[in-house]
Amino acid sequence: MAGWYEERVLSHVIERSLSDPRIVQWRRAAVAPATGEVVEFGFGAGPNLPHYGPGVTSVRAVEPVDSAWARAADRIDAFGRPVQRIGLDGAHVAGADASVDTVVSSFTLCTIADLDAALGEARRLLRPAGRLVFVEHSLAPDEGIAKWQKRIQPVWGALAGGCHLDRDLPRLIAGAGFDVRVDESAYALPGVGRLSTWLVRGTATAR
């Protein structure tokens with residue numbers, strides 16, 4: 001369960017920062033391949049719902065912040081398909097093995113404390129032909145930027161609810177037993193914004 005800071009401050013800051021049109025276009029492209037029954041890690045206030053295509057039949061939400069879930073009500077109503085909150089942590093998800101078609105993570109794998117367990121849950125939940133679709137900020141490929149990401153990580157993590165700037169997420173997803181295809185990677189924002197906006201978008205299938 002999220003604490004006061006996460007409920008009252010951080011979730012609003014994150015929601016606003018991820019509403020930048022330059023970020024939204026990444027989100028839209030990332031979730032477009034989702035189909036069928038979806039489990040979404042880090043559902044937030046439902047910003048992905050308007051971007052799901054008609055092939056998505058239902059969404060099972062994993063979201064630790066009660067206030068964010070409450071703010072999703074209008075988007076859920078507009079979505080018009082079943083949306084159910086099934087858990088608080090991607091490392092522990094309710095659901096049968098091989099029961100969903102798509103696992104979606106958008107700007108979430110950077111924060112889950114037990115990332116290995118969450119990726120294991122994604123593999124467990126996915127049907128044999130299922131896919132993990134993702135858009136995340138990741139460790140930058142430029143040595144100078146990466147050095148600063150690692151340097152400021154202790155402070156950043158404390159202020160940003162455990163978010164990691166220094167996770168090489170395509171490598172970590174691959175290490176959890178997925179074949180990863182990165183469809184797009186770039187800095188979404190210029191200047192100092194590059195420290196937190198080396199974005200990677202792609203899909204992964206279990207080996």
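Predicted model: local features only at pLDDT ≥ 70, side-chain atom pairs only at ≥ 80, totals over all residues.
Reader: Which residues of helix α2 (residues 21-31) are buried, and what arc do they cover around the axis?
Author: The buried residues of α2 are I23, V24, W26, R27, A30 and V31. They lie on the same side of α2, because the arc that they cover around the axis is only 155 degrees. In general, an α-helix has 3.6 residues a turn, so residues three or four places apart point the same way. The arc asked for is 155 degrees.

Reader: Which residue caps the N-terminal end of α2?
Author: The cap involves a side-chain oxygen that lies 2.7 Å from the backbone nitrogen of R22. The residue that supplies this oxygen is D20.

Reader: Where is A98 placed, and is A98 buried or partly exposed?
Author: Phi of A98 is near 50 degrees, a positive value in a residue other than glycine. Most residues other than glycine have a negative phi. A98 belongs to the loop between β3 (83-87) and β4. With a relative accessible area of 36%, A98 is partly exposed.

Reader: What is the relative accessible area of F107, whose phi is near 55 degrees?
Author: F107 is a residue other than glycine, and its phi is positive. F107 sits in the loop between β4 and α5 (115-125). Buried means under 20% relative accessible area, and F107 is buried, its value being 12%.

Definitions and conventions
Residues numbered from 1 in each chain as written. Heavy atoms only, no water. Buried < 20%, exposed > 50% of the residue type's maximum accessible area, 1.4 Å probe, protein only. Helix = DSSP H or I, 4+ residues; strand = E, 2+ residues; numbered from the N terminus. Arc of directions from axis to C-beta. Polar contact = N/O pair within 3.5 Å; in protein donor to acceptor, adjacent residues only side chain to side chain.
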